[in-house]
Amino acid sequence: MYSLSYVKPKSLKDAAAFLAKNPEAKLLSGGMTLIPTLKARLARPTHIVDIAGLKELRGVAAKGGKLVVGAGTRHHDVASSTVVRKAIPALAGLAAEIGDPQVRNRGTIGGSLANNDPAADYPAAVLGLAATVVTTQRSIAADDYFQGLFATALREGEVIVRVEFPLPKRAAYSKFHHPASGYAMAGVFVAQAANGARVAVTGAGPGVFRWKAAESALAKSFKPEALEGLALDSSNFNNDIHADREYRANLVRVMAKRAVAKLAGRK
Amino acid sequence: MAKVTIKVNGKNQTRAVEDRMLLVDFLRDELRLTGTHVGCDTSQCGCCTVHVDGRAVKSCTMLAAQANGANVVTIEGLAKGKQLHPIQRAFSECHGLQCGFCTPGMIMATAGLLKDNPNPTDEQIYKGLEGNLCRCTGYINIVKAVKMSAKLLRGRKH
């Protein structure tokens, strides 16, 4: 790791002010991606600004038809929260499948979304549930937030404060884990809400995306069979030593069917 | 430099360290608590697992500065004098190790797992130890040791 200065602001305002003055500073939350990146000398920030403990980023609550999760909430806390389990059990289940226990004890939802790793799990839930990412500056709809490989709508110095999930009628996530890293080789989040079904895919392409053909098919018939033979453009899918494009495309189909099958018979 | 005070195995330890110092280096180099191992140094093997404020974490993936004010327990903090912690006893009795390098991390991860789930199934043990690797692949006895640990700890509570 290159030399750097560690800073721990007392409030979100202080953090934003520090970032504004130090353009080469980086925010640190759980550090599950940032610390390994620093150790590998793939990044060289002047400062790391530790916002993990900030009160403003804490808290999980269900109110007014929404589930609100503070950006600093750790994966373990989402997975074990009785509020999340009751409001959106698929989200708690997804959090329980991220990385390994030690990672879940440190990593946060805000950190995962700000990083937007193409194989991360949370982006699938946020996009699948049509959540809103609330920052220090504005509210960003999930459809606008994710912009491909490690890219998001966040501006310099903008900090994610919380994520607001509208409650779906039902939702499920199915993931094919990479056997070593635990990342999604393909993960599909399926949600059914009053205004239709949404299907969000992570792990397969350069960033999370909606499989719209599947959404239309599920709107007509919410059954695994409805997904048979649907078009799925895999031309930009990841093609690496772990899996080629065709294999990933097949995984997407299988995971999508499994997610829908999980919901069969549930209201 | 960062001035940090970290409670390690019940005792406050104050040091001035480089901002970039990892927690594992703080434990090993500053405090000479070398039971916490560095296996892969890339957040994968879990040999460096310690508890920070009661939760198992990989100390190679956290800065000492991040642990400022925290309560850290390492493998050295488990035994009471010469009396082994029940999990240590179980790993010894079940021979849940071959070369032993991963053992401190396995034991700290097991302590974390059993805190959340005092009576895990085999499947839950596999998932609970997903963050720890045994390069000797001695997993069969490790799983046995976790089961015995669970039994000993449950017995202790009642």
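Reader: Let's start in chain B. What do β1(B) and β2(B) form, and how many residues are between them?
Author: They form a hairpin with two residues between them, and Asn9(B) in the turn has a positive phi of about 50°. Keep in mind that this is a predicted model, where local features need pLDDT of at least 70, side-chain atom pairs count only at pLDDT 80 or more, and totals for chains, interfaces and linings use all residues. Residues are numbered from 1 along each chain as its sequence is written, while chains are lettered from A and ligands numbered from 1 in the order in which they are written.

Reader: How many bridges join β1 to β2 of chain B?
Author: Seven, linking β1 (residues 2-8) to β2(B) in an antiparallel arrangement. Strands here are DSSP runs of E with at least two residues, helices are runs of H or I with at least four, and both are numbered from the N terminus. Two strands pair if DSSP finds at least two bridges between them.

Reader: Switching to the interface. How many residues does each chain put in?
Author: Chain B gives 22 residues and chain A gives 17. On the chain B side, β4 (55-58) and α3 (103-116) are the elements giving two or more residues. β4(B) gives the most, with four.

Reader: How does the chain B side divide into nonpolar, polar and charged?
Author: Eight nonpolar, nine polar and five charged. Here Ala, Val, Leu, Ile, Met, Phe, Trp, Tyr, Cys and Pro count as nonpolar, Asp, Glu, Lys and Arg as charged, and the others, Gly among them, as polar.

Reader: OK, chain A. How many helices and strands are there?
Author: 11 helices and 12 strands. Its C-alpha atoms fill a box of roughly 55 × 45 × 30 Å along the principal axes.

Reader: What's the radius of gyration of chain A?
Author: 18 Å, which agrees with the value near 18 Å for a compact globule of 267 residues. That is taken over C-alpha atoms, and the globule rule is 2.2 Å times the number of residues to the power 0.38.

Reader: Last one: is His75(A) buried or exposed?
Author: His75(A) counts as buried because it has 27 C-beta neighbours inside 10 Å. The cut-off for buried is 20 or more other C-beta atoms within 10 Å of its own, with exposed at 12 or fewer and partly exposed in between, C-beta atoms being placed from the backbone. His75(A) lies in helix α3 (residues 75-80) of chain A. Leaving out residues up to four places away in sequence, His75(A) touches Ala95(A), Ile98(A), Arg104(A) and Gly107(A).

Methods: Contact = placed C-beta atoms within 7 Å.
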